[in-house]
Amino acid sequence: MTIVETDVVVIGAGSVGSMASWQLAARGLRVVGIDRFTVPGPFSAYAGESRVFRMVYAEGGHYTPLLQRARDLWRELEAASGADLLTVTGVVTIMDHDHSDHAALLRAGRERGLRFEVVTGEEARQRLPQHLIRDGDVALFDPEGGYVRSEHAVFSALRLAQRHGASFLGNREVQALERRGDQWSVRTDQEEVRAQRVLVATGTGAGPVCAALGTHLAVLPQVLTWFPVADPDLLRSREEQVFIRSSRDARFYGFPSLDGWTVKVAASIYLDEAASTARPLTWDPRHLDTVSSWVGTFLPALVPRPVRSVLCADGYTADETGLLGFVPGLDGVVVAVGFSGHGFKMAPSLGAVAADLIAEGATATDVSFMDPARFMPPGHTLGALPLNDAAPVPEPS
């Protein structure tokens, strides 16, 4: 079996793995990335053209440092790659006035001193004529939000990593992660890669890793959909924003048209938990009835029949918060998994934090709330980390 020597092995070359590979290689480290699919991959969590970027974040102000660092890194990645990746359009979140998300957004914005604006009633209707605004609705505008071109971003980060000397091995089955003296051995079905440091960023394939760390990873597929614009003049007559509807009777989000005739609208509803994303998943077209109904009710400028759909999936931990940090007991091994639908907007900062930990042993960005050991008994450590379903889950010691 061929043996490859390097400084860092990155297992998983998706949203976070690609960004970490870029950051590590740019710091002069030799990087080998390994992925179970082609690089970039066909069944990725970042599929579907775009992802929302927000600064006022209902999930909590503790994400603000990561979001601010991500914003700077998106611009750095754009400058280095020549690609347009982050488009700031503003994000408007339309909510019931008494919805819990309203209070959460206000709290996050005020705690961190972020810019935002709240509008109701007739003023909201005048500013948002493409939306149905009900009497009890509140619209919160985040002027620093927008969207990221997700697939293009991953491709750009991978190309930059390669430009700095990184290499990537696609269509590999990682069979084991083992200690060999002062190095780690990552054995695939085709070669063995040895390095002193390892980053595990296996996305929807991180179930065994999460189980070893004491939590279940629920892989939830989501169907993304595109709807035609009923009146194309609407696209030319006003500035379009990323929008989120967060109501008790409807939860969806959408983007300005990127192709000139459709708008991407995705319902915040998911298919049943998937045992594996190794192959394309099947789904019933009736799954689209709900989002079509919401589009017909709340977005009168669109034709409520989708003309395109793409399937993606995310991995959700028990507390819907990622695992980012050193694995207790496995010196030199960092995990970055389970970001629970929050990950892509922060992908470059999550990758940079992982690179900080691997290259420097610490990071100035506070990610303590993502401690990988938080589900484990206090003081317990692992002697191994399973990377596939065939490997036994180790008992903490």
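An open sheet of three strands is present in the order β4-β9-β5, and its pairing is antiparallel, where two strands are taken to pair if DSSP finds at least two bridges between them and where helices (H or I, at least four residues) and strands (E, at least two) are DSSP runs numbered from the N terminus. The model is a predicted one, in which local features need pLDDT of at least 70 and side-chain atom pairs count only at pLDDT 80 or more, while totals for chains, interfaces and linings use all residues. Residues are numbered from 1 along each chain as its sequence is written, and side-chain values use heavy atoms, with hydrogens and water left out.

Within this sheet, β4 (51-53) and β5 (86-88) stand at the edges with a single partner strand each, so one side of each is left without a neighbour in the sheet. The twist from one strand to the next averages 30°; axes are lines fitted to C-alpha atoms, for helices over the stretch in contact, and angles run from 0 to 180 degrees between N-to-C directions. Strand β9 (residues 146-148) is joined to β4 by three bridges, the two strands running antiparallel, and R51 has V148 of β9 as its bridge partner. Helix α2 lies across β4, β5 and β9, and runs at about 115° to β5.

Helix α2 also packs against α9, at an angle of about 100° and with the axes 7 Å apart. This makes α2 roughly perpendicular to α9, given that angles of 65 to 115 degrees count as roughly perpendicular, those under 35 as roughly parallel, those over 145 as roughly antiparallel and the rest as oblique. The contact (heavy atoms within 4.5 Å) is made by L66, R69, A70, L73 and W74 of α2 together with P348, S349, L350, A352, V353 and D356 of α9.

The largest nonpolar core has 59 residues, and those with the most contacts inside it are L66, W74, L199 and L324. Such a core is a set of buried Ala, Val, Leu, Ile, Met, Phe, Trp, Tyr and Cys residues joined through side-chain atoms within 4.5 Å, and buried means under 20% relative accessible area, exposed over 50% and partly exposed in between (1.4 Å probe, protein chains only). Among the elements that each supply at least two residues of this core are α1 (15-26), α2 (64-81) and α9 (347-360), and the largest share, eight residues, comes from α9. A second, separate core of 32 residues includes V198, V327, L330 and L387. In soluble globular proteins, nonpolar side chains tend to be buried together.

Strand β13 (residues 191-195) contains E192, which is buried, with a relative accessible area of 6%. The side chain of E192 makes a polar contact of 2.7 Å with the side chain of S185, a polar contact being a pair of N or O atoms within 3.5 Å of which, within protein, one must be able to donate a hydrogen and the other to accept it, and for which residues adjacent in sequence count only if both atoms are side-chain atoms.

Backbone geometry was also examined in the loops. V39 and P40 are joined by a cis peptide bond with omega of about -5°, and P40 is placed in the loop between β3 (31-34) and β4. Although S340 is not a glycine, its phi is positive, at about 60°; S340 is situated in the loop between β21 and α9 and is buried, with a relative accessible area of 4%. N171, likewise a residue other than glycine, has a positive phi near 55°, and at 45% relative accessibility N171 counts as partly exposed.
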